[in-house]
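I wanted to go through this structure and write down what I looked up, one topic at a time. These are my notes, in the order in which I took them.

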2 protein chains.
Amino acid sequence: MWEDYVKKYEAITVKSKELYKRALKVIPGGVSHNIRFFPPYPFYTVKARGSKIWDVDGNVYTDYWMGHMALILGHSPEPVVRCIREHIENGFHFGTVNPYALELAEAIQRNLPSAEMVRLGCSGTEATMYAVRLARAYTGKRIVVKAEGGWHGGNPILHKAVSAPYDKPDSLGILEDEQRFTRTMPVNDVEGSGLILRECRNDLACVIVEPVVGSGCIPLDRDYLLFLREQCDRYNAVLIFDEVITGFRLGISSAQGFYRVKPDITTLGKVIGGGFPIGAIAGCSEILKLADLTSGRKWEKCWIGGGTFSCNPMSSIAGLATIEFLEENANQVYSKINKLGDEARRGIDKALNGLKGLNAKTTGVGSLLLTHFLKEEGDIKSPRDRLKTDLEIQRNFYIALITHGVFFLPGHAGAISYTHTEEDIRRLIEAVEKIAEGI
Amino acid sequence: MWEDYVKKYEAITVKSKELYKRALKVIPGGVSHNIRFFPPYPFYTVKARGSKIWDVDGNVYTDYWMGHMALILGHSPEPVVRCIREHIENGFHFGTVNPYALELAEAIQRNLPSAEMVRLGCSGTEATMYAVRLARAYTGKRIVVKAEGGWHGGNPILHKAVSAPYDKPDSLGILEDEQRFTRTMPVNDVEGSGLILRECRNDLACVIVEPVVGSGCIPLDRDYLLFLREQCDRYNAVLIFDEVITGFRLGISSAQGFYRVKPDITTLGKVIGGGFPIGAIAGCSEILKLADLTSGRKWEKCWIGGGTFSCNPMSSIAGLATIEFLEENANQVYSKINKLGDEARRGIDKALNGLKGLNAKTTGVGSLLLTHFLKEEGDIKSPRDRLKTDLEIQRNFYIALITHGVFFLPGHAGAISYTHTEEDIRRLIEAVEKIAEGI
């Protein structure tokens, strides 16, 4: 059954297969970003608008990957396109301070509860790397505790225990010394996390978590986040929320507003660039002011970047247009995408309910969702619980969806945008029903 | 005398001063990128076209900073603007494989002598971080040797001995363990570098250098680069050229073609994004294929990124349009900008020649240049030689130039673009002459 879907996928993506063959001659594995590969080969996108993307073979898909969940207003939304069009002839990369980047920083400051100050950068990977540096600089301590299965980009400090088996290195070429002070904890597990934190307490610089863990699309319990807040306060450690995914996604005040738990530092990316490359660090002034290098000696300050293209006018203008649109239409946007998210999660699980041997469960919160196939009874409360799921069926399920014109990046969380409609969700559920019939 | 220039600068940048005051309330030190600050405060750019930038007070400057030297075709060049305009409504961030990114990778492959394979990413900082990871994965060894004063972005492996004093940490919050296997060498010094490399030889994973050291704008001697090549071969280490600055800048085949010295891995950024955010790693297949994660076990492969916005169509299209323009007009572009560079270096030094107590010397090669003020006789052959220069006079000299409508980021290398004219260079030299008269 699943093989038929793969065959159908190959039949409709002939030109993509050719391009992938070409890609193998220049790019290792054919992809520059590892997760963008899925077997037998990924399709090649040539166009995207609103909730739809088109591949090189002319297939059109309703897109739930949405550029790694960055595109809360959909592809090429009018308010962003208009600003870019107006500005494009007036320089897209200054390399100097400019009012656009300043206004974006101010927009983050006024919406994010913990953002007393903000620094803009180029990527989420850099933002989390510098957030840990700031925490270590501020506390004078060394240990960072991260979630098992937590993903904070490829920087060596945090690229540990990302994928199972968690006790094996995630890559050749990362030295033990680079991660000597990186520890991992099981999320949504107060007792297990408490033990680790207690063990580290004398040298604990920070705890970093994604309020909704990207890998598995798993929301953390509010009580668990409150527990981390309390532990960080007790041990004089910095609490970092990696809100690269959830920032301006779970609400205008992000996950920290949604959960009413305030971190000391927040890392951002995705939505705040309005579809253009960006990263940012926000947080309390006392910590961030260590990064002011306009005076003082280098070894008494905390150097954080930076990057050639940081604060470029395109990312700033696009990000600002997006946040301003979200501010003006907050109720409308978030109530719509969160409602569609609820309907999708409920509808998918209902369609897959009672299938022989398949215990399907769609996790997520708000506009984020991912369907798992448990091999036994149970729930998905941490990335470790994914070990109890059938990852091959999950991947095949999403390839089957692609052949029905619905694109989730197989195995990865999906995101609903403001351009998605009730009709889109209805079709998604119908596609799941058709797949279920064949199982 | 210098104070008068600072006063004049303040008089013409009143609105910038206001914006900077606003920035201090949200951004530590008022800047997201440390080098973009210069005292008393930086001006705020609102528009840029060709070789010119405009600030918020309406001043227009001939720009030699050129977006951290990224903009080889000037600001908003027509071939790039046209492509972006055509594509902007069709998605600016897919988050999936696409033909535009593939074509850009192929364009790098066909022009860069050492680029058997290519991987695209988000920034130069990430590219150098992953290049070292690849070298460690490939050799199974740990030590990376970098240049004193060499800048490869803020990743903790390479953020060492960047600014003087070289024996002090460059930042709070970077752990000794993160840099336990990072060593530094004096560049353009065969004997000094040879000693270090010999000392490390049994655990030497790689040597990383910028063929033109960004800090001080100092070209490395061809003989020195050949020496590094020979040493890496002898010790089975990987030679990495960080060509983020020199890639497609010193010629269509980059510094490695210009110097006829072939590295094993090259890191790229700036020019290859056509003014949009990018980074890349290129090099020999045998090493890069370790990054193919489509099969195999994670701890036997080398994970390199990646990033949400990698391979986005804007950066890919802009980079491709830029490289294709350079390919079609290589002789014209490079002979023009290199000739203007020669004229500028010669003209500036002539204008500053024989001034009391100032031994001015403009370093650089091709279209890159920076003027130093030596406190004694001598030359600038390594970043360490900058300790013999007067950095305060250098900064003031460049602030004086700003008041004459000529913008170099004070203290940093400048770059000439294809849109600069003989007239621009004549005016630059005239401005230097006027400043010289007042000294």
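Entry 1: the two chains. I began with one pair of residues, B:Glu178 and A:Arg136, whose side chains meet in a salt bridge, at 3.5 Å from N to O. The model is predicted, and I kept that in mind for everything below. I then looked up how many salt bridges the rule finds across the interface of chain B and chain A, and the number is 10. For polar contacts across this interface, I noted 72 residue pairs, both residues at pLDDT 80 or more.

Next I asked which elements of chain B give two or more residues to the side that touches chain A. I listed the helices α2 (14-24), α3 (66-69), α4 (78-87), α5 (99-111) and α6 (124-139), together with the strands β1 (45-49) and β4 (117-121). I also sorted the residues on this side of chain B: 59 are nonpolar, 34 polar and 26 charged.

Then I looked up the extent of the interface. I found 119 residues of chain B in contact with 120 residues of chain A. The area buried between the two chains is about 10400 Å², and carbon and sulfur atoms give 61% of it. In chain B, the residues that lose the most area to chain A are B:Phe92, B:Val97 and B:Lys298, but together they make up 7% of what that side buries.

Entry 2: the domains of chain A. I noted that chain A is divided into domain 1, made of 2-64 + 331-437, and domain 2, which is 78-328. Taken over C-alpha atoms, the centres of these two domains of chain A are 27 Å apart. I counted 22 residues of domain 1 in contact with 24 residues of domain 2. Between them an area of about 1900 Å² is buried, with 64% from carbon and sulfur atoms. On the side of domain 1, A:Tyr334, A:Lys381 and A:Pro383 lose the most area to domain 2, together 34% of what that side buries.

How many salt bridges are there between domain 1 and domain 2 of chain A? I found two. I also looked up the side chains of A:Arg384 and A:Glu148, which meet in a salt bridge at 2.7 Å, N to O. On the domain 1 side, α12 (330-351) and β14 (368-374) of chain A are the elements that give two or more residues. The largest share, four residues, comes from β14(A). I sorted the residues of this side into 14 nonpolar, five polar and three charged.

Entry 3: backbone details. Most residues other than glycine have a negative phi, and most peptide bonds are trans. I looked for exceptions. A cis peptide bond joins A:Gly305 and A:Gly306, with omega about 0°, and A:Gly306 is in the loop between α10 (285-288) and α11 (313-328) of chain A. In chain B, a cis peptide bond joins B:Gly305 and B:Gly306, also with omega about 0°.

Phi of A:Met66 is positive, near 50°, and this residue lies in helix α3 (residues 66-69) of chain A. Is A:Met66 buried or exposed? I noted it as buried, with a relative accessible area of 0%. B:Cys311 has a positive phi, near 65°, and is placed in the loop between α10 and α11 of chain B. B:Cys311 counts as buried because its relative accessibility is 13%, which is under the 20% cut-off.

Conventions: Residues numbered from 1 in each chain as written. Chains lettered and ligands numbered in written order. Predicted model: local features only at pLDDT ≥ 70, side-chain atom pairs only at ≥ 80, totals over all residues. Heavy atoms only, no water. Domains from an automatic or database assignment. Contact = heavy atoms within 4.5 Å. Buried area = accessible area lost by both parts, 1.4 Å probe. Salt bridge = Lys/Arg side-chain N within 4 Å of Asp/Glu carboxyl O. Nonpolar A, V, L, I, M, F, W, Y, C, P; charged D, E, K, R; others polar. Polar contact = N/O pair within 3.5 Å; in protein donor to acceptor, adjacent residues only side chain to side chain. Buried < 20%, exposed > 50% of the residue type's maximum accessible area, 1.4 Å probe, protein only.
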